[in-house]
Amino acid sequence: MPFPDERRPVAVVAYRAAWPEEFERLAGRLRAALGDLAVAVDHVGSTSVPGLPAKDCVDVQVRMRSVDAARDVPLLAAIGFRCRPEPWNRTEITAGQRCAKLVFAPPAGERPCNVHLRESGGPNSRYALLFRDYLRADADARRAWGAFKRRLSVSVPDLLDYGQIKAPATDVLMGAAERWAAETGWVVP
């Protein structure tokens, strides 16, 4: 759920060449705040896929040695990031496994982003990277996914409803991504 300053209708826009640079600025701030707790900082989600339409919200995955709310929330709060309180922003089920995570909103008034802290090596961190790499590699899947998201955003402008409808379609996309990973020998970078 967005914080009050983030509330706006869902809008899927054409890919923006500035997104990778905006990710790099965010990643630098996160690396500085988290130090060696962060194993890697990844640009994930639709803004990480050149040519893919997306919501103008940069998704960042920080692969952590471990996820510990008591330790991690204050570290990111010190640089203004706000921990999202909903249960689905604390735990997710991936590949049948319950995975700890923390999701943060940007400081109020800054560029829209979601910062996902996940355990390095966990199935949920792999999922985010596979989504990105599959859509980077498969132009047909990228075009179809972009068209689907554009149509959905026009007919379902509420973020929560948009996410609920998109989730089962994402499962279908990820089935194809898993087949692609097996065929190509893809592994987590």
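Two strands pair if DSSP finds at least two bridges between them. In this predicted model, strand 6 (residues 91–94) and strand 7 (residues 97–105) pair in the antiparallel sense over four bridges. Threonine 94 has glutamine 97 of strand 7 as its bridge partner. Two residues lie between the strands of this hairpin. Alanine 95 takes a positive phi there, near 55°.

Glu92 and Thr94 form the covered face. Thr91 and Ile93 form the uncovered one. In a regular strand the side chains alternate between the two faces of the sheet.

Helix 1 covers residues 19–34. At 1.5 Å a residue, its 16 residues should span 22 Å. The end C-alpha atoms are 22 Å apart, which agrees. Glycine 35 follows helix 1 and has a positive phi, near 55°.

The buried residues of helix 1 are Trp19, Glu22, Phe23, Leu26, Ala27, Leu30, Ala33 and Leu34. They cover an arc of only 135° around the axis, which puts them on the same side of helix 1. An α-helix has 3.6 residues a turn, so residues three or four places apart point the same way. The exposed residues Glu21, Arg25 and Ala32 sit on the face turned away from the buried side.

Several elements cover the buried residues of helix 1. Among them are strand 1 (12–13), strand 2 (38–44), strand 3 (54–55) and strand 4 (58–64). Helix 2 (69–77) and strand 8 (113–119) are also included in this cover.

Conventions: Residues numbered from 1 in each chain as written. Predicted model: local features only at pLDDT ≥ 70, side-chain atom pairs only at ≥ 80, totals over all residues. Heavy atoms only, no water. Expected span 1.5 Å × (residues − 1). Buried < 20%, exposed > 50% of the residue type's maximum accessible area, 1.4 Å probe, protein only. Arc of directions from axis to C-beta. Contact = heavy atoms within 4.5 Å.
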